[in-house]
There are 2 protein chains.
Amino acid sequence: MAGKLYGVGLGPGDPELMTLRAHRLISGARVVVYPTLAGGESFARSIAAGSIAPDTREIVMDVPMSVERAPAQVAYDQGAADIAAALDGGEDVVCLCEGDPFFYGSFMYLFARLSRRYEVEVVPGVTSIAACAASAGRPLVARNERLTVLPGPLPEAELRARIEGAESVAIMKVGRHLAKIRAVIDDLGFTGQAVYVERASLAQEVVCPLAQAPAEAPYFSMILLTKGADPWL
Amino acid sequence: MAGKLYGVGLGPGDPELMTLRAHRLISGARVVVYPTLAGGESFARSIAAGSIAPDTREIVMDVPMSVERAPAQVAYDQGAADIAAALDGGEDVVCLCEGDPFFYGSFMYLFARLSRRYEVEVVPGVTSIAACAASAGRPLVARNERLTVLPGPLPEAELRARIEGAESVAIMKVGRHLAKIRAVIDDLGFTGQAVYVERASLAQEVVCPLAQAPAEAPYFSMILLTKGADPWL
């Protein structure tokens with residue numbers, strides 16, 4: 001009988017923000033799989049490290065850094081083949097996923113390849129948005145408010161149009177797009193309501209008004225924009 | 001020295017989807033606080049029940065059911081006063097919050113009242129959106145896709161305009177607005193890509209294509225709409 005694949009959300013970075021279910025599944029796993037980026041450290045593995053038993057087998061998917069899609073897809077093809085071999089051997093496999101597996105997570109590439117052939121369970125995790133709002137002390141949405149989630153790499157004109165028509169906004173993957181995003185928010189007159197957060201929930205966390213954000217932002221950074229003044233009262 | 005207030009996200013309903021931190025804080029709490037709706041059971045307390053120690057003091061905020069804002073605000077005023085009394089006595093207080101405290105959560109009303117006077121820490125939780133996507137096997141967003149979160153009570157015309165211009169959409173608080181929302185999605189031709197989820201992660205969970213949704217939906221129900229065909233490949 002084939003094993004089962006678990007896509008397990010690990011939350012934003014603090015290992016204590018893993019769910020009880022994630023901790024239980026990882027602790028009991030005989031095989032785990034996780035991505036590394038261009039041979040670097042795996043952020044997912046670092047979050048889960050304290051839960052992984054010493055004799056667990058680890059399948060590493062090394063994903064090349066590229067704006068092209070094809071090279072990464074080759075890595076996911078290989079990862080899916082390695083996982084399938086373990087599942088065919090009757091072993092369960094736990095895939096370690098930063099944040100939530102289905103919220104900008106690479107697990108969806110494995111899910112697309114394996115979920116028709118094998119039993120797959122997705123364990124949701126705490127998103128970076130929830131962690132950033134908590135760290136910043138900024139409620140995201142109340143009552144009938146709308147939330148818009150935008151990736152920072154979007155073109156300037158599209159960011160402008162989407163932010164203009166939005167209520168609460170979370171801009172993900174800020175990184176090297178920080179200057180462009182700041183210019184748009186400044187121009188729309190919303191800088192006073194914007195907060196910058198990097199590496200939420202980790203020891204190196206930074207939280208500050210957008211106006212005081214550093215010149216360089218890491219990939220794991222976000223801008224939260226809530227337009228109302230105390231809209232939750 | 002005054003105590004500290006914790007606003008602790010409990011996730012969507014399955015107690016195993018609490019974070020390790022939530023479990024640790026609740027287990028160690030001498031005082032917890034949670035809302036009930038018009039004298040009913042507390043969903044938040046039911047999620048956390050297995051983590052609450054027997055001798056824990058429980059502060060209950062009974063929130064009246066009303067479309068008016070004022071009566072609920074009176075309940076939060078009273079709750080904030082009760083919490084402040086405990087904090088002034090040097091006790092820490094753990095507030096139990098369904099889902100994530102800052103994502104449509106009533107904790108923000110307590111936060112607005114108490115965070116200027118007391119130390120407050122927010123512990124993020126798994127949102128119902130992440131849980132619904134996991135249960136439905138539907139990735140939410142990949143790469144540079146946008147996610148729009150809309151509350152079901154919005155007027156029909158606004159729902160239509162927001163869904164039309166969106167990529168992935170999560171419609172929250174469906175409940176008695178189901179027929180209105182279905183009509184809009186039908187009219188836009190998106191019914192085939194829409195999934196209905198109620199009570200995600202609980203034993204009574206329902207997941208089905210929107211076309212097969214029941215006639216009556218509970219408050220804790222959601223519609224997920226992802227427009228692309230395999231956009232994550």
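I take two strands to pair if DSSP finds at least two bridges between them, and with that in hand I began on this predicted model.

**Entry on β4 of chain B**

I looked up which strands run beside β4(B), and found that strand β2 (residues 31-37) of chain B is joined to β4(B) by two bridges, the two strands running parallel. Within this pairing I noted Val33(B) standing opposite Cys95(B). Strand β1 (residues 5-9) of chain B also runs parallel to β4(B), with five bridges joining them, and here Val8(B) stands opposite Leu96(B).

I then asked how many residues of β4(B), which spans residues 93-97, are buried. I counted five of its five, so I wrote the strand down as mostly covered, a residue being buried if 20 or more other C-beta atoms lie within 10 Å of its own. Val93(B), Cys95(B) and Cys97(B) point one way from the strand, while Val94(B) and Leu96(B) point the other way, and I found all of them buried.

**Entry on the contact between the chains**

I next turned to where chain B meets chain A, a contact that takes 45 residues from each of the two chains. On the side of chain B that touches chain A, at least two residues each come from α1 (20-28), α4 (107-114), β5 (120-123), α5 (128-136) and β6 (147-151). The largest share of that side, five residues, is supplied by β6(B). Sorting the residues of this side of chain B by kind, I recorded 30 nonpolar, nine polar and six charged.

Lastly I followed β6(B) across to chain A, where strand β6 (residues 147-151) of chain A pairs with β6(B) in the antiparallel sense over three bridges. In that pairing I noted Thr148(A) opposite Thr148(B).

Key. Residues are numbered from 1 along each chain as its sequence is written. Chains are lettered from A and ligands numbered from 1 in the order in which they are written. This is a predicted model: local features need pLDDT of at least 70, side-chain atom pairs count only at pLDDT 80 or more; totals for chains, interfaces and linings use all residues. A residue is buried if 20 or more other C-beta atoms lie within 10 Å of its own, exposed if 12 or fewer, and partly exposed in between; C-beta atoms are placed from the backbone. Helices (H or I, at least four residues) and strands (E, at least two) are DSSP runs, numbered from the N terminus. Two residues are in contact if their C-beta atoms, placed from the backbone, lie within 7 Å. Ala, Val, Leu, Ile, Met, Phe, Trp, Tyr, Cys and Pro count as nonpolar, Asp, Glu, Lys and Arg as charged, and the others, Gly among them, as polar.
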